[in-house]
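Welcome! Let us walk through this model together, one piece at a time.

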Amino acid sequence: MTMLDAKIPAGPLADKWSNHKNSIRLVNPANRTKLDIILVGTGLAGAAAASTLGELGYNVKAFCFQDTPRRAHSVAAQGGINAAKNYRNDGDSAFRLFHDLIKGGDYRAREANVHRMAEVSNQSIDQMVASGVPFAREYSGYLDNRSFGGVQVSRTFYAKGQTGQQCLLGAYSGLIRQLARGKVTMYPRRDMLEVVIVDGEARGIITRNLVTGEIERHSGHAVVLATGGYGTIYYLSTLAVGSNASAAWAAHRKGALFANPSFVQIHPTSLPQLNDYQAKLTLMSESLRNDGRIWVPKEKGDRRHPNSIPEEERDYYLERRYPAFGNLVPRDVASRAAKERCDAGYGVGDTGLSVYLDFGGAIEKQGKKAIEAKYGNLFEMYNKLAGINPYEEPMRIYPAGHYTMGGLWVDYNLMTTVPGLYAIGESNFSDHGANRLGASSLMQCAGDGYFILPVTIGDYLAERFRTPRISTDGAEFDAAEKEARDKLERIMAVGGKQTVTSFHKRLGRIMWDDCGMVRNEAGLQKALSSLSELKEEFWREVKVPGRLDQVNQELEKAVRVADFFELGQLMCRDALSRKESCGAHFREESQTPEGEAQRIDAEYSYVAAWEHKGEGSDHEFHKEPLKFENVEIKERSYK
Amino acid sequence: MKIKLKIWRQESAEAKGGFVSYDLEGVSKEMSFLEMLDYLNSTLIEGDEEPVAFEHDCREGICGCCSLFINGRPHGPAGETTTCELRMTQFEDGSEIVIEPWRSRVFPVIRDLIVDRSAFDKILQAGGFISANTGAAPEANSIPIAKHKADEAFDAAICVGCGACVASCPNGSAMLFVAAKVSQLALLPQGRAEAKKRVRKMVAKMDELGFGACGNIGACEAECPKGIKISHIARLNREFLRASI
C-alpha cells in the first residue's frame, strides 16, 4: 500500500485554484497546434472540454459510441445545475456550496477539488447562457432558481425537466463550431477498447469502429476520458442502456487506479420495475420532492386505492423521521428510508416495492396550473410510462441505481496515476465523496470540461510540444491492438447458448441485492463468489452471433458485460474493506441505534484507490488520506 | 399476446434489404415497444438467427437515438411519443406490425433499422451555434430575456434530432429540424449577432445535402415526438428572407 499524493496546492482553500492557475506551466499558442489530444466521451464534460481545447488551438480527436455527441447520457439529466450565484440573496456563496457538497458527500470528498468546483460553477452558467442555453426565467427576464435535493438555498438553474439536454446541446454547439474550424475531429460510433502506453505515458487508444468492425489506432500527446458512470452494472438503472465502464476499465487495467468503486448513488425517485422484460428504470426528477410528499399507508399491506386512504392513515415517513428536511433529505437517506418501509411490509403496488409520491396537497394549494408549469413534462412522461395520471392520483416510485461517485482516481490536475491520462466528469471519483447532491453532476461536468481540464492539462503538455506527432506503428500499438482483438475473438469464439442480456440481468441482480443500497459482510462475500461463478459461466456459455467485421450490437454488449464482472468484484471488495457506513455506502454493521449511517472517521477518512495487478491477481489497495481543514466534521444529520 | 412482425432486414449499407416476417408469441402488454424488440432478439439469438439491429440508448425519450417507422408512422401510433416511450398497450393481440427504418435518401441504412443521420450534424456544424468562446461570457443575468421569448426558445430547443420530421415529410424536408435551431437562437439576444450568417449557411447546407423543400404539409409537426411547432418554420423563413435582402 502507498499513500497517494493528490498534489493539492498550498495556501488557503479559497486561494488554491487561483494560486495554482498562476503557477502552473502554460503552452505557447503556436505550440498548441503541434499537440494532439484524444478525448473519449462527448457528454457535457467531454463536449465542453473538446470545444475549449479546440478554441485554445490544440488538435482534438473526439470519440463517442453514439452516432453523434448530441445523444450522450448527460442529455437525460433532468432537474438542474447548481451555481453559487446567490441570485436569491439567501446567503449562498462558493463556500456554502462547497460546505453543502462536503457534508452531502458525508466527508469523503477532497476539500480542494470540491471548493474549486463551487468556485467555477458561476462561470459555467455564464458560459451556457452565452451559448444559448434557454434556462428558465422569471417574468422580470432574469434567471430563475429553485431549491433542489437536500439544500436550504435556491441555487439550481434549470430548463424545465430537460436541463441536461439543454446543457449538453450548449456544449455540443461549441464542439461542432470547432469541428467546422477543423480543430476537433469527430469519431462517432467508436468503442474504446484499450489505452496505449508508450514510455510510461498515455499516447493513444485502440477503438472498434461500430459500423465496419475495424480495429483502429489513434495517437495523441494526452488522453482524456470523459466516459461517464457505471450504474448500468445493476442492469436496471436510470442510465442509458449503452452507458458502460469499459473505457475506464481499460485505463484501469493499464495502471490507472480506481477509487471508491463501491460508492454508488441509488436515486430515490425512479419508476418502479413493472415487469421482467424491463430494460431500464426511468428516473423521475427529484425536483418533484419540492412539492410532492412521500408516504406509505400506516397499515401494513393496505391495498386500498391511495385516494381513499384518509390523511390520518398515511405515514409521511420522511417528514416523520427528518422533520428539519422532510421530503428534501438527500438521495441516499431518502432511498434507504423507502427500502426500510418496503422491507417492513408497508410498500405499495403489486410487488410491494414502491411508495407514493403525492401531489394532491400541492395541487390543492397552488393550483393545477402552477404544478403543470413546474413539472408538466415529468407528469406526462410518468403517465406515458406507468399509465397513471399524477394530477389525479399519487405516483408510485422506488429507488434505482443512478450515479457512481466512484471512478478513476485523479489528482488535483484531474490526471490519473498514468501520466498523460486524464479523467473528467462522472468517470473520475473526485468531487462527490460518498454521495452526490442533486444538480451537482452537470455542475461538475461543466466545470471540469470548460474551466479546469483545459488549464491543468497545459501543465503536462508544456513540455510535450517537443515530442513529434506520435506514430501508431510502434510495438506498443501492435501489442494493444492485439490485446483488443484477442479479447473480441475470445468472446466470439465462446459459442455458448445464453444471451449476453441474460448474463447482464443475473449480474445486476447479484450487485443490486448485495452491493446496492445496503451491504453486509456475508452478503458481499456471497456476491463475490456468485460473481466469479457467473463470470466463469459467461466465458463458457455466452452466445454472440454475427461477425466481427460488421455492426454487431451483441458483441458491443458482451464486451461491456465482461468488464462489468471484474468491476463488480472490485466494487464488492471495496465495500468489504470499508467497514463503516458513509453516504450511499451503508454497511449494516455500522449504524446508529436509530438506523442511520454511522461513519467511523478515525479509521476510514480516506479515499480507497485500487491497483489492477493483472488478470487473476488481487487488486492492491492504496490510500489517499482526507484532511478537513475548512469544515467541522459532524454527524450528517437531517433531523 | 401474439403478434406478427414484418421487419426490414438489411445486412449492410451495400446489401439489398427486404422484409422478413416473424411470429412472436408471449408478448406482454406491459412491455415497451423496444422491450418487445429485445424479446424478439433474444428469441432470434436462441434460435441461431441474427438479432435485428436498431438504435436506442436512453429509453426515456430524450436522447433521440430511437427511430423506426411503425405501421407507416414515425415513432408509431401514439402522439408526441418517441419509439422508446411507446408501450405495447397500443397494439392488439394478433395484430401485424410493420417496422421499417426512416424513409429518407439522406439517411442511408447502415444495418437493418439503423440509419445514418450524420447529415443533421453537418447542418448544425454549418452554423447552429453561438460563437461564444469559453471564458468570454458576461455575467449570466446581464442580459434579461423576456420570459415568453425564453420559453419559446426552449420550446424549439427541445428537438432531440431524431429525424422523424424528415422521415414523415413527402418531400424529405429537414425544415422543422433546421427551424428549431434557427428559431431558438434567433429568439435569444445572444444569438442575434450571427443570425443572418447562421440562417444562410444552415439553409445552404440543408439544400446541398439533398433534403427536399418544405411544402407546408405539416406532417413534420404532426409526427414530431416533441411537439415542435411548424410556426418555427415560419420564423426560419422570415429570418432567411431578412438575411437575403
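In chain B, the axes of helix α7 (residues 195–208) and helix α9 (residues 231–244) come within 9 Å and cross at roughly 110°. The axes are lines fitted to C-alpha atoms, for helices over the stretch in contact, and angles run from 0 to 180 degrees between N-to-C directions. Helices here are DSSP runs of H or I with at least four residues, strands are runs of E with at least two, and both are numbered from the N terminus.

Before going further, please note that this is a predicted model, in which local features need pLDDT of at least 70, side-chain atom pairs count only at pLDDT 80 or more, and totals for chains, interfaces and linings use all residues. Residues are numbered from 1 along each chain as its sequence is written, while chains are lettered from A and ligands numbered from 1 in the order in which they are written.

Which residues meet where α7(B) and α9(B) touch? From α7(B) come Ala195(B), Lys196(B), Val199(B), Arg200(B) and Val203(B), and they meet Leu236(B), Glu239(B), Phe240(B) and Ala243(B) in α9(B). Contact here means that the C-beta atoms of two residues, placed from the backbone, lie within 7 Å. By class, this helix contact has six nonpolar, no polar and three charged residues. Ala, Val, Leu, Ile, Met, Phe, Trp, Tyr, Cys and Pro count as nonpolar, Asp, Glu, Lys and Arg as charged, and the others, Gly among them, as polar.

Now step back to chain B as a whole. Its domain assignment gives domain 1 (3–111) and domain 2 (118–244), with bounds that come from an automatic or database domain assignment. Taken over C-alpha atoms, the centres of these two domains of chain B are 29 Å apart. Their contact takes 18 residues from domain 1 of chain B and 17 residues from domain 2 of chain B.

Chain B also meets its partner: 61 residues of chain B are in contact with 63 residues of chain A. The largest share of chain B's side, seven residues, comes from α1(B).

Over in chain A, five strands form an open antiparallel sheet in the order β12-β16-β15-β13-β14; strands pair if DSSP finds at least two bridges between them. The edge strands are β12 (264–270) and β14 (314–315) of chain A, each pairing on one side only. Three bridges join β15 (residues 355–358) of chain A to β16 (residues 395–404) of chain A, and Leu357(A) stands opposite Met395(A) in β16(A).
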